[in-house]
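Biologist: I'm new to reading protein models. Could you walk me through this one, feature by feature?

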Amino acid sequence: MFNSINFSPLLLHDKFFPVWSIDVPYIKSFDTSLLQENKWIVDQPRNILHDYDHVPEQLRFWYKKTNCCEEIQNVYTVFNETSVLNFFDNLMHNKDNAKILDQLYQYNRHQSYKKPSRWLRSKIECETSIVKDISGMSIKEHVDTRIYLGTFVCNLKDNTSSTKFLKCNTYGPTEKGTGVFWLNDNSTLHSIDHFSDDERLIAYTQIRFKVLD
Amino acid sequence: MIPYYFDLPDLKLPKALAESPYVQHPMDFLSPSGSGMGGKTFQYRGVPQNWYAILKDYLESMITIPVGSLTLLNTSANGSSPWHSEGPNTFGRQCALNFMVSGDFENSYVQWCTRGDEDILTNDSRGAWWEDDNMEVLAEHRMTEGSATIYNTMHWHRVFNFTDKDRMVISMAINTPIEEIFDICNRGEFFK
């Protein structure tokens, strides 16, 4: 159950747009009341933004990963590196998706890799977080920097807002256990605005190339 | 100096961008581990939203090649990058059009080196390294304030910034060999 994610193109009329809706069975039954209010990390912005004057109000909170119960640990397991590589192979088994990947990364010019996971193994790191956004959280349109391969966002509850993809003016799904996965590309310019009074709860996985350290 | 770099003195940094103060993009703070920017002294940062709009519109109006992804490369004061390569395997690019927007233009620079008989098309799948200060340096380049340079990112290269200022470069990805871009320039077909 932890190793299951179903993908479908976010845009049914554009099968080469590198964004997919996801459906994650384990998350559908995840009990968000297990998240303890005292485990949300409060920023110490001066430590982060030491050389800039602008210190924004904290509108996004990260959940502490230490000493979590098994159900919460399982959320991290769903999106750990091993799982992500398996999901990636499954996704790229589709020829249209493989074509998208090949246009973005010419990684297999010498046919060195039987599947994408062989290429990505040891080159990526996956950082999964449980995230709470409160009203006012807004990140304007941007393309991720080029060390990002892709990102998963999965709703831990029925949310009222979701990632917007500017190219097609389309939003990701908001229902619990659903979400989006996108590959980093100029076409996946995206933003998030959460202005309603409820809390937005997501699992958020960044897949980055380990290129520098 | 092909195949490592060539200057584009006629492509100027937009005045509106130069006059707009740097405000770090919130996307840089979206990883609780702090590793979302890649490294400590050499970071891949988001381009501030207003800079992104200004530069993207400007480049699309000025040049004929596709305007690829824009990234802000920050090398901290008294810091450097490792020797690294950014190629078509893991970065989907082969060279970059760079503007240095702040830093010490005289004393910070980029170097290129070789490790011998390696296929540069796959260098970026072999990882970066910090040591080997005694590598044979094949080329060295200092940016000109307000003007663009195209760098070959597939050859091993590093940024040296042992100065008292952060070095910030806005970098546009180009997934075409630098030699082809150089030919386009020489044929007078680079600018619209």
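Predicted model: local features only at pLDDT ≥ 70, side-chain atom pairs only at ≥ 80, totals over all residues.

Biologist: How do I read buried and exposed, and what counts as a helix?

Modeller: Buried means 20 or more other C-beta atoms lie within 10 Å of the residue's own, exposed means 12 or fewer, and partly exposed is in between, with C-beta atoms placed from the backbone. Helices (H or I, at least four residues) and strands (E, at least two) are DSSP runs, numbered from the N terminus.

Biologist: Which residues of helix 3 of chain A are buried?

Modeller: Here's the general idea first. An α-helix has 3.6 residues a turn, so residues three or four places apart point the same way. In helix 3 (residues 70–78) of chain A, the buried ones are I72(A), V75(A) and V78(A). They cover an arc of only 110° around the axis (taken from the directions from the helix axis to the C-beta atoms), which puts them on the same side of helix 3 of chain A. Their cover includes helix 1 (25–28), helix 4 (81–92), strand 5 and strand 12 of chain A.

Biologist: What order do the eight strands of the open sheet in chain A follow?

Modeller: Strands of a sheet pair through backbone hydrogen bonds, either parallel or antiparallel. Two strands count as paired if DSSP finds at least two bridges between them. In chain A the order is 1-2-10-7-12-5-4-3, with antiparallel pairing. Strand 1 (6–9) and strand 3 (40–41) of chain A are the edges, each pairing on one side only. Strand 7 (residues 148–155) and strand 12 of chain A are joined by seven bridges, and F152(A) has T205(A) as its bridge partner in strand 12.

Biologist: Why is strand 8 of chain B largely enclosed by the rest of the structure?

Modeller: Strand 8 (residues 147–152) of chain B has five of its six residues buried, so it is largely enclosed. Strand 1 (residues 5–12) of chain B pairs with strand 8 in the antiparallel sense over five bridges, with K12(B) partnered by S147(B). Strand 5 (residues 95–102) of chain B also runs antiparallel to strand 8, joined by five bridges, and there C95(B) stands opposite N152(B).

Biologist: Which residues touch the most other members of the largest nonpolar core?

Modeller: A nonpolar core is a set of buried Ala, Val, Leu, Ile, Met, Phe, Trp, Tyr and Cys residues joined through C-beta atoms within 7 Å. Of the 82 residues in the largest one, A203(A), I150(B) and I170(B) touch the most other members. A second, separate core of five residues includes M137(A), I192(A), M27(B) and L30(B).

Biologist: How many residues does each chain bring to the contact?

Modeller: Two residues are in contact if their C-beta atoms, placed from the backbone, lie within 7 Å. Chain A gives 28 residues and chain B gives 31. On the chain A side, strand 6 gives the most, with three residues.

Key:
Residues numbered from 1 in each chain as written. Chains lettered and ligands numbered in written order.
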